[in-house]
Amino acid sequence: MLKTLLACTIAVSALLAAGPASAETKDKKIALSNNYAGNSWRQAMLKSWDKVTKKAVADGIVAAADPFTTSENQVTEQAAQIQNLILQGYNAIVINAASPDALNGVVKQACDAGIIVVSFDGIVKEPCAWRIAVDFQAMGASEVEYLAKKMPEGGNVLEIRGLAGVFVDDEISKGINDTLAKYPQFKNVGNVHGNWAQEVAQKEVAGILPSLPEIKAVVTQGGDGYGAAQAFAAAGRPTPLIIMGNRQDELQWWKEQKDKNGYETMSVSIAPGVSTLAFWVAQMILDGKEVPKDLTVPFLRIDQDTLEANLANTEKGGVANVEYTAEDAAKVVAGK
Amino acid sequence: MSRITSFLRARPWAWSFIAAAAVWLATVAYTGGQGAGEILTAALSFATFAIIVGLGQMMVISTGPGNVDLSIPATITLSGVVAMKVMDTDSSRMLIGIVAALACALAVGVFNFVLIRLLRIPPIIATLSSSFLVLSTAISYGRGIRIKPPPPLADFATARIAGIPIAAVFVLLITVLIAFALRRTFYGRSVLAVGQNERAAWLAGISVDRTRFITYVLSALLSGVCGIVLSGFSGGAALNMGEDFLLSSIAVVVIGGTSVAGGRASVPGIWGAALFMFLLVTMLNTFGASAGLRFMLTGLIIITVIVLAGGEKESR
């Protein structure tokens, strides 16, 4: 029974996909398969998706754009979810994947059923899918380049890493340390894993801090800067230059310091609105446009002079965000 | 020598303090004495939270094999989020916030017991599934918004006198109360009796259900307290603030010398184990060990401590 159903769905989807490439996507259905919702970044990502796609549906650009989130951030669960989405006859599936490799099988199934698969943030390696990736190494490098310009005399640097064993953590850290090697006046005197969470970062930094010499700067991965600041304050140490990660609490803290004593730093992360970029890319592909399989999203950087504007646009507890329009997506696809 | 072994044999919790002291000494030796006091202060500050939830987990585990509370992280998050949102940075609303957060925690505890007793779901599944519901509630209620704690709460959670965190003194009070309850009250004795042999306890006239009910509610309430204090300590509640406590709440109980099979609780061991866990990570961070090595050593050292503490028990 299930097999017949699957066969039918595949046949129907294949027919749909094989149809002439028209400029009309108003009958097409797009699904979002998301593996995790338990932090502020993911919440903002889902909210952006909701806002942009609801309008797209109301404007008759697509027929549906439904978000689905798995509860336990597990590969098996997400694989089952994508299988359901295939059966439900979506024309495109936008994925934030729990694993770059483990979903390849089910992604291939979707492709074989004629479904467009666009992965972003957590990308999948299956060649038939599109990938909207972030150049995390460049993000790490940009932090050190900023430090090199800001404090040419150099000094001791503390590195706060993300979740151990995750690809993103390795990439950002590699970018940071490769660039640090270019500036011998900086010394990486310690690193801790803050797991992108303020509480964990605070705990880990407070633990290692007593054993460290004076710290001039803290390089981070986002979601950990505020916790680091709290740990330095609690230890009664002078506040170093802490790179922030676009979270509202981090920006708020930065603003308070800036007003108090002219504190200067920068903040960099990926905008959660990248989900909307993925949506438009999926829509463009459904529309028959030529889109390269590998795209790179620009990261969102906030500097001393753009702090106030970004803080005003970021809701309490959220993440500084940019939502993409169809035109923005076209620009990213065209390589700007 | 034999006096030392007999001392250790009667006090399985002593191992956790010995282990904590050993890693602290190793760290201080590595840094050449730098920051010795500050490390202890930091350890006390952060161990506080693991101790609060560890005490609740200890009571649950002591009520017999199979009893464990996996909803602790979700309850911490929910109560933290509720407390911060109700208080809304206003000092005069602190009391309402605390009451609201504890009421939510209480509800979680009651709900856990209902799942376990009335629906006869094994505790491990019941508390895990209730934690999904609780976390979802926290997500939809809080929407990931970080609201700062009112200043008095933040002061309470972060203040220290002569290097000793006030929160640690507060938790010491809770610890003494629980130790007293275990030794001197009918409820405390019932917990151990039920944990040792449910049927014998029932035949002796102890209400097994009532004992377990109070215990699950107590564990949830302590998680609620942890959520409130932790929010005050770290400048607001976050959706992933409880994540760290799933394993650590169980680890401090086991390393502290409480019997996993139930029936024997070790209150001081919770303190030793919580300090040990923090100091161990500090030591490995200070040595600059890579993440992989750090995880491996953490696992190996924890196994060693448990084997040492457990081995002594066998020879009794």
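Which residue forms a salt bridge with A:D112, and how far apart are the closest N and O atoms?

A: The partner of A:D112 is A:K108, and the closest N and O atoms are 3.1 Å apart. A salt bridge here is a side-chain nitrogen of Lys or Arg within 4 Å of a carboxyl oxygen of Asp or Glu. Keep in mind that this is a predicted model, where local features need pLDDT of at least 70 and side-chain atom pairs count only at pLDDT 80 or more, while totals for chains, interfaces and linings use all residues. Residues are numbered from 1 along each chain as its sequence is written, chains are lettered from A and ligands numbered from 1 in the order in which they are written, and side-chain values use heavy atoms, with hydrogens and water left out.

Back to your pair. A:D112 and A:K108 both sit in helix 4 (residues 104-112) of chain A, and because they are four residues apart there, about one helical turn separates them. Helices (H or I, at least four residues) and strands (E, at least two) are DSSP runs, numbered from the N terminus. A:K108 counts as partly exposed, at 36% relative accessibility. For reference, buried means under 20% relative accessible area, exposed over 50%, and partly exposed in between (1.4 Å probe, protein chains only).

Now for a pair that spans the sequence. A:E308 and A:K258 form a salt bridge with their closest N and O atoms 3.0 Å apart. This one links distant parts of the chain, 50 residues apart: A:E308 is in helix 11 (residues 307-313) of chain A and A:K258 in helix 9 (residues 248-261) of chain A. A:E308 is partly exposed with a relative accessible area of 30%, and A:K258 is partly exposed too, at 21%. Both belong to a salt-bridge network that also takes in A:K255 and A:D259.

A:R301 and A:D303 meet in a salt bridge as well, at 2.9 Å from N to O. A:R301 is partly exposed at 36% relative accessibility, and A:D303 is partly exposed at 21%.

Chain A carries 31 positive and 39 negative side chains, with the centres of the two sets 1 Å apart. In that count Lys and Arg are positive and Asp and Glu negative, leaving out His and the chain ends; each charge is placed at NZ of Lys, CZ of Arg, CG of Asp or CD of Glu.
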